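I opened the notebook to go through one chain, step by step. My entries follow the order in which I looked things up.

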Amino acid sequence: MSESTRIVQRGLWFEEFTEDAIYEHRPGRTVTEADNVLFTTLTMNTQALHLDAAWSAQQPGFGGQRLINSMFTLSTIVGLSVSQLTQGTLVANLGFSEVAFPAPLFAGDTLYAETECTGKRESRSRPGEGVVNLTHIGRNQHGEVVARAARATLVRRQPTE
């Protein structure tokens with residue numbers, strides 16, 4: 001009996017990232033009311049727009065609905081990218097910038113993520129690693145952008161054998 005080939009799922013090595021490429025992350029994630037309440041209470045965010053249905057129903061602009069916590073939205077679009085881009089190859093998050101939430105997300109919406117590689121360079125201080133700049137974009141099921149964030153990451157270079 002011959003030995004089977006084994007393939008382990010991983011993220012991309014520094015060399016495999018392509019500048020200006022857009023990586024689409026699937027499947028999406030349908031967001032529930034339970035997700036919102038749990039995340040909001042775990043993070044001690046007492047904003048009534050996330051927790052208080054009666055109060056939120058009286059506020060203008062959101063059709064009486066509670067908003068999904070924007071930090072949950074940000075965390076989820078980054079999380080949706082992990083298995084495709086950084087699983088086992090990420091060394092560190094170096095920082096986030098240009099974070100925006102141009103449209104609301106509500107319970108029952110499905111969140112889809114895509115990531116654009118906006119640049120990369122070899123690390124000047126850490127041999128065997130490189131800095132990869134990414135822009136994460138979250139869209140609802142209608143294609144509307146609900147979140148966007150620029151992110152700098154430190155990623156391992158492909159090992160030489």
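**Entry 1: ground rules**

I began with burial: a residue is buried under 20% relative accessible area, exposed over 50% and partly exposed in between, with a 1.4 Å probe and protein chains only. Phe72 has 10% relative accessibility, so I noted Phe72 as buried.

I then wrote down what kind of model this is. It is a predicted model, where local features need pLDDT of at least 70 and side-chain atom pairs count only at pLDDT 80 or more, while totals for chains, interfaces and linings use all residues. Residues are numbered from 1 along each chain as its sequence is written, and side-chain values use heavy atoms, with hydrogens and water left out.

**Entry 2: the whole chain**

I looked up the secondary structure next. Helices (H or I, at least four residues) and strands (E, at least two) are DSSP runs, numbered from the N terminus. I found four helices and five strands in the chain. Along the sequence, their pattern is β-α-α-α-α-β-β-β-β.

I took the box along the principal axes. The C-alpha atoms fill roughly 65 × 45 × 30 Å.

How much of the chain is buried? I read 39% of the 161 residues.

For surface, I used accessible areas from the Shrake-Rupley method with a 1.4 Å probe; for residues, only the protein chains shown count as cover. The chain exposes about 9,400 Å², and carbon and sulfur atoms supply 51% of that area.

I checked contacts, meaning heavy atoms within 4.5 Å. I kept the contacts in the chain with a separation of 6 or more, and residues 24 or more positions apart account for 71% of them.

Charges came last. I counted Lys and Arg as positive and Asp and Glu as negative, leaving out His and the chain ends. I placed each charge at NZ of Lys, CZ of Arg, CG of Asp or CD of Glu. The chain has 14 positive and 17 negative charges, and their mean positions are 5 Å apart.

**Entry 3: rings**

Rings of Phe, Tyr and Trp (its six-membered ring) pair if their centres lie within 6.5 Å; planes under 30 degrees apart count as stacked, over 60 as edge-to-face and the rest as tilted. I counted three aromatic pairs by this rule.

Why is the pair of Phe17 and Tyr23 edge-to-face? The ring centres of Phe17 and Tyr23 are 6.2 Å apart and the planes stand at 75 degrees, so the pair gets that label. Phe17 and Tyr23 are both buried.

I then turned to Phe39 and Phe72. Their ring centres are 5.6 Å apart and their planes are at 75 degrees, so this pair is edge-to-face. Phe39 lies in helix α1 (residues 33-42) and Phe72 in helix α4 (residues 70-85), so the pair ties together parts 33 residues apart in sequence.

I also looked for a charge over a ring: NZ of Lys or CZ of Arg must be within 6 Å of the ring centre and within 35 degrees of the ring normal. Lys120 lies over the face of Phe14, at 4.8 Å from the ring centre.

**Entry 4: backbone angles**

I found a cis peptide bond between Arg26 and Pro27, with omega about 5 degrees. Pro27 sits in strand β1 (residues 22-30).

I noted Asp20, which is not a glycine but has a positive phi of about 70 degrees. Asp20 lies in the segment before β1. Asp20 is exposed, at 58% relative accessibility.

Glu98 is not a glycine either, and its phi is positive at about 50 degrees. I located Glu98 in strand β2 (residues 90-100). Glu98 is exposed, with a relative accessible area of 66%.

**Entry 5: across the sequence**

Which residues does Ser70 contact, leaving aside neighbours within four places in sequence? I found His50 and Phe101. Ser70 is in helix α4 and is partly exposed at 26% relative accessibility.

Ala107 lies in the loop between β2 and β3 (110-122). Ala107 is partly exposed at 39% relative accessibility. With neighbours within four places left aside, Ala107 contacts Val31, Thr32, Glu33 and Ile68. Ala107 and Ala34 are 73 residues apart in sequence and 8.6 Å apart, C-alpha to C-alpha.

I finished with Pro159, in the segment after β5 (145-156). The C-alpha atoms of Pro159 and Ser56 are separated by 52 Å, and the two are 103 residues apart along the chain.
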